[in-house]
Each structure stands twice: as C-alpha cells, then as structure tokens.
Amino acid sequence: MKKNLFSLHKLDARKISKLISEPIVDVTITSPPYFNLKDYGFNKQIGFGQTYEDYLEDLKLVFKNIYECTKDTGTLWVIIDAYRKVGEVVPLPFDFSNKIKEVGWKLQEIIIWGKDRTVPWAHRGQMRNSFEYILVFSKSTNYKFYIDKIRDFQSLKKWWVKYPERYNPRGKTPEAIWNFDIPTQGSWGNGYIKHFCPLPEEMVAQIIKLTTKEGDVVLDPFSGSGTVLSKADNMKRKYIGTELNSEYIQMFQKYLECTGKDKRREYEAENKVLLKQNEFEKLILELRALKYIKVAFSRLAPNDKILINKIFVKISDRIPQKRNCLITVNYIILINDKNNNIKNSFDELCYKPPLSKFGIEPIFTFTSNLSTFISSLSNGPLFLYTNRITHKFRKIFRLEDINISSKSDIIISNIKIELNEKDFE
Ligand SMILES: C[S@@+](CC[C@H](N)C(=O)[O-])C[C@H]1O[C@@H](n2cnc3c(N)ncnc32)[C@H](O)[C@@H]1O
C-alpha cells in the first residue's frame, strides 16, 4: 500500500523531491543537524563526519528541493546557531543564509531565540551561550504572515484604556526577540520522546500560527523527535516529515497516538482566546470612536464650543474609504445656532494629528432641529459621557436629559463602556 504523503517518512532529506513533486508546502520549520558535533547514529547523515564545505553544499541541495516544492506564498524557518571551533566562532547562520540565497530563498527576518535554560557556565574569554538564530526566508515578497494571530493583547498595561489610539486593536506587535525555554531532556512528549534537541512546542506553535491556516501544509525535513509535525497535527494542519533515524520515527508515532487527542482538545480551547482578541479589538475601536469626539471638542475655539448642545456617536457599518482608516463613525451634532461655520472647524481638526492618527473616518452631521436630532438617536439603551471621560459612561441617557443644558454632559452613544484604569494595572 502506498504511504500517505502527509506523514513522517524514513527518507534522506536530500531526496525530498522524490516525495513531493508539486509546490504544495506552505511552511517549512526545521533545525538542521549540527555541523560535525552530534552523531545521530547512521550513515549518510548530514553534518557528522563531513567537511564544512560539503555540509553547506548538502544543506543547499536540501533547501533547493524544498524551494521547488514550496508555494509562492510560502516561507522557510530555520533554527540554527553559530559554533566555536578551536580559537574562533564560525558564523554558520550567515554562511548558511548566503548559501541558500543562491537557490532563490530571500532572507526576510532574523529572529533571536533567547533560551533561558542553557548551561550556566562558559569557557574563558566567552559569554554564556544563551540564544540561537531563527532565519526566516521567503520565495516571493507576497508571503503569508498572519501577524494578528500572534499579537499580545493580554499583557498590555493600563494605558490602552486612556490611549486607545496608540494601540493596535489586535494587540501589540511582537518583537524580533523571542523567549522560549528549551525543553529539558525527557520533558517533551510525556516521556515518549528522548531526543538531543527538541524545539519548544510553544515556539513552533507560534510559527505555525503566523504562517498557516488550518489545512495548510507544514514540512520538516529533519524531523528528529517530530515536534514540528506533531504541533502541525495538533493544530489541524497537514504535515510532511523526513528523518533517517528509525528510532526517532517510532518515538514520534507512539507520541502522536498517545497524546494526539488531548493536544487537539487543548488547541480547540486555545481558539477561544482568539474570540477574546476579537472582543479586545471591538473595545479598542469603541474607545477610539468616543475619545475622538472628546479630543475634537477640546480643540474647538471657545465660541464654537458654546454652540454645541449634544453629540451622538454611532459606529457605522460602512467600510472606510480612506487608507489607514479602520472604522467609519457617525457624529451627529446638535447645535444651538444653524448659521455658523462649525463644520469647517471640525473638518480642519480631523485632517491634522492627533485626530488623523485615530484610524477613524468621521461623518459629521449638524442639526439645530431638536426633533431631527432625537429621531437620529438609535433605539435601545443609550449612554451619556462627559466631555472629559469617555472610557466610562456617567449615566444611562434618558430623553429628558436632552433639555438639561450641561456644559460637560454632551456625548451620547449606544456604545457602553465602563472601564476603570486600576483594573488593568
Ligand atoms: C537538530 S535535529 C532536529 C531536531 C528536531 N527539530 C526536534 O525538534 O526534535 C536534526 C535531525 O536531522 C536528522 N538527520 C540528519 N541527517 C539527515 C538526513 N540526511 N535526512 C534526514 N534527516 C537527517 C537527525 O537524525 C536529527 O534527528
């Protein structure tokens, strides 16, 4: 019976084109065998017993074949380290990168993987080795990179409550230094896996999230203990792996059989966090919509300010027309005097920072007719905000409030926000 392509194959990574003949791979994540450092225990292994030049040539061949079976939108992630030979450092990541550039790969990013659990000592004249390189290559400039999927929105400090315009609604953009502990020997795979150098599961999951969607294809030509393949399987991606050491292949299969179901469940539970990310995005945009008008009001000239009676704020379903705008917001403004030039004052303000930085496309409507204004208010509960605080409503708005001319209670909205900065410290 023909073996399923989407599995781990006992095959020399240099012969991957025998396995995959079409460009179907979305991402390759791999850590190549070390140069002449570790004996993985079989003939034809790359690294052990070779010259540096032959080693680089072999890697070039492997990644040339992978280039050919990768989609145009695909990427290659290589975890690799410099090493020391007698008396000097060999810059393997850079030699490697230049080598595979020759077959078409474009280097897009250098990420530093900070590893906490390294050996606590170093030789004389050296720093303690505490990081490795993650090199990111692409075939084209149009590569898949779902950055929103790995934004951090949970550990933001309280400032986003008052400064929503400074935060990306999907969360903080990740930095190019990643900190993940190295799994301790035997810790990975609940004892099923005993391998020299497994990659941290969370780190692999982060790369998979960033570069693929469910159903996409993940490849690891040097699968080792199969961290990349099993993570891909847990996250509902297809996987293809090659490895020459039969022992590792068996370990991986046993691991997947025993843990696959639980790990899938964990993945599904994590998807609920994504829902929270959507809620966070909604909240940031609502905060921005309300703060926008507060800032606009505060920048009006005093003779314009006294003309304003109430402002109704409602986020529109209309997709913004301008680039860099995330939402369209209706601002319906009840003014005391219809013959005035207040519209120009608002227009001028919204083309300049800070308002031009809010990502909001405003639609201003002015009326001095009370019943027109009332009929434009939406049904359902409405909330009253002051012209000083828009992250917490002051009271529920009732129609009779409209007649109370208050200098501060001027913003009405169907958006309900009730945040205390202190809760987010
Ligand atoms: C650095 S380890 C990979 C570790 C893996 N990322 C993990 O998380 O366990 C490199 C692996 O490449 C395998 N290897 C070496 N030469 C190979 C070849 N020519 N084809 C396929 N695999 C090879 C070794 O057996 C070893 O398991």
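Modeller: Buried means under 20% relative accessible area, exposed means over 50%, and partly exposed is in between (1.4 Å probe, protein chains only). Lys 231 and Glu 201 are both buried. Keep in mind that this is a predicted model: local features need pLDDT of at least 70, side-chain atom pairs count only at pLDDT 80 or more, and totals for chains, interfaces and linings use all residues. Residues are numbered from 1 along each chain as its sequence is written, and side-chain values use heavy atoms, leaving out hydrogens and water.

Biologist: Why is the pair Lys 231 and Glu 201 called a salt bridge?

Modeller: A salt bridge needs a side-chain nitrogen of Lys or Arg within 4 Å of a carboxyl oxygen of Asp or Glu. For Lys 231 and Glu 201 the closest N and O atoms are 3.4 Å apart, so the pair passes. Lys 231 sits in helix H6 (residues 227-234) and Glu 201 in helix H5 (residues 201-211), so parts 30 residues apart in sequence get tied together. Helices (H or I, at least four residues) and strands (E, at least two) are DSSP runs, numbered from the N terminus.

Biologist: Okay, and what makes Asp 26 and Lys 71 a salt bridge?

Modeller: Their closest N and O atoms are 2.9 Å apart, which falls within the limit, so they count. Asp 26 is in strand E2 (residues 25-30) and Lys 71 in strand E3 (residues 70-80), 45 residues apart. Asp 26 and Lys 71 also join Lys 144 and Asp 216 in a network of salt bridges.

Biologist: How do you know whether Asp 26 and Lys 71 are buried or partly exposed?

Modeller: Asp 26 has a relative accessible area of 1%, so it is buried. Lys 71 comes in at 27%, so it is partly exposed.

Biologist: What about Lys 236 and Glu 268, how far apart are their closest N and O atoms?

Modeller: Those atoms are 2.7 Å apart, and the pair forms a salt bridge. Lys 236 lies in the loop between H6 and strand E10 (238-243), while Glu 268 is in helix H7 (residues 246-298).
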